[in-house]
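Below is a set of questions and answers on one protein model.

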Amino acid sequence: MSKPKLRTVSGARSLALALVIALVASLLAIPAYAQVPSGASGSVDKVDLSPIWIFDADEELYKFVVEEDDLRGYSKGNELIEIVFDGQVIPDGSLTVCEVLTFRVLQLAFSQLWPDDVPNLADFAVRYGDPGESSKATFEYITRAFSRGEAQIEMAEGVTEQNLDVDAFWYEFTNTDTEESFETQVLEGVYPEGFFELRTKVRMGEATEAEKADFASQWEEVRDNLLTWELDDLFEVEEEQAEPAPVWQLVFALGLTSIVVGTTVYSLARRGKK
């Protein structure tokens with residue numbers, strides 16, 4: 001596994017670098033829109049998602065945002081973060097389902113494990129089942145978990161990048177500083193019925209032109225769901241249940257209530273006699 005190369009750029013240099021990246025990617029036969037199906041758009045009209053904030057090991061603050069046409073990270077001074085990981089360039093000028101899915105599940109994980117703090121990537125670890133290369137690259141882009149040896153992909157039997165279903169999208173996140181963990185799973189309904197079967201046919205080159213067009217439409221629907229739905233509509237989140245009060249507290253409360261009631265009744269009765 002190649003170690004990611006981290007660079008930052010700003011201003012006019014970012015535009016020039018983007019053009020160079022696109023050219024190099026095409027020369028290396030790594031198309032920028034490799035994860036966007038034919039007939040689907042790599043960009044969206046408007047995005048309204050809160051950014052992800054995370055510290056690196058040196059306490060430098062990074063911000064990651066989903067913008068109209070990509071997932072982008074910025075360091076101090078609003079400098080664009082760009083990496084090459086396993087031959088994949090990020091940002092690549094397109095916004096994929098896997099990028100948005102990974103971004104949203106990280107939003108959820110950070111809210112659960114660091115509810116009042118900004119996480120430090122040195123304290124982050126993840127296990128998950130999605131074999132997608134774009135998901136892997138997105139985890140690396142935001143958390144550096146693979147290069148630090150703190151990420152594991154554990155696919156279920158029969159699951160591959162070409163052949164998967166919604167059960168592949170499970171996650172276990174850990175705050176290694178507190179040793180707290182949080183597990184979640186993508187909910188049914190996020191992906192339309194028949195999506196994964198159609199996806200497999202497209203990936204295997206067995207889909208008709210009509211099926212390719214249908215898949216492109218469903219793919220955009222899924223991305224819109226991931227961009228617009230609330231986190232608890234996308235992922236399984238266990239509701240915290242209030243712990244029952246100890247029996248002695250209930251007994252004490254009932255006893256105190258009985259004393260107050262009895263005293264009040266006695267007082268009213270004495271007044272009535274007077």
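Q: How far apart are the closest N and O atoms in the salt bridge of Arg72 with Asp69?
A: This is a predicted model, in which local features need pLDDT of at least 70 and side-chain atom pairs count only at pLDDT 80 or more, while totals for chains, interfaces and linings use all residues. Residues are numbered from 1 along each chain as its sequence is written, and side-chain values use heavy atoms, with hydrogens and water left out. A salt bridge requires a side-chain nitrogen of Lys or Arg within 4 Å of a carboxyl oxygen of Asp or Glu. For Arg72 and Asp69 the closest N and O atoms are 3.0 Å apart.

Q: Is Arg72 buried or exposed?
A: Buried means under 20% relative accessible area, exposed means over 50%, and partly exposed lies in between (1.4 Å probe, protein chains only). Asp69 is at 28% and counts as partly exposed. Arg72 has a relative accessibility of 17%, so its class is buried.

Q: Which residues are linked in a network of salt bridges with Arg72?
A: The search of the whole structure finds 7 salt bridges. In the network, Arg72 is linked with Glu67 and Asp69.

Q: Why does the pair of Lys136 and Asp86 tie together parts of the chain, and how many residues apart are they in sequence?
A: The side chains of Lys136 and Asp86 meet in a salt bridge, at 3.2 Å from N to O. Lys136 lies in helix 3 and Asp86 in the loop between strand 5 (79-85) and strand 6 (88-90), so the parts tied together are separated in sequence by 50 residues. Helices (H or I, at least four residues) and strands (E, at least two) are DSSP runs, numbered from the N terminus.

Q: Which residue stands opposite Glu172 in strand 10?
A: Two strands pair if DSSP finds at least two bridges between them. Strand 9 and strand 10 (residues 180-185) run antiparallel and are joined by 6 bridges. Opposite Glu172 stands Glu183.

Q: What phi does Glu179 take?
A: Most residues other than glycine have a negative phi. Glu179 lies in the loop between strand 9 and strand 10, and is exposed, with a relative accessible area of 68%. Its phi is positive, near 65 degrees.

Q: What is omega for the peptide bond from Ile90 to Pro91?
A: Pro91 lies in the loop between strand 6 and helix 2. The bond from Ile90 to Pro91 is cis, with omega near -5 degrees.

Q: Which helix gives the most to the lining of the second largest pocket?
A: A pocket is an open set of points on a 1 Å grid over the protein atoms alone, where a 1.4 Å probe fits, with protein on both sides within 12 Å along at least five of seven lines; lining residues have an atom within 4 Å of a point. The second largest pocket is lined by 22 residues, with Gln35, Cys98, Arg199, Arg203 and Trp219 nearest its centre. The largest contribution, 5 residues, comes from helix 4.
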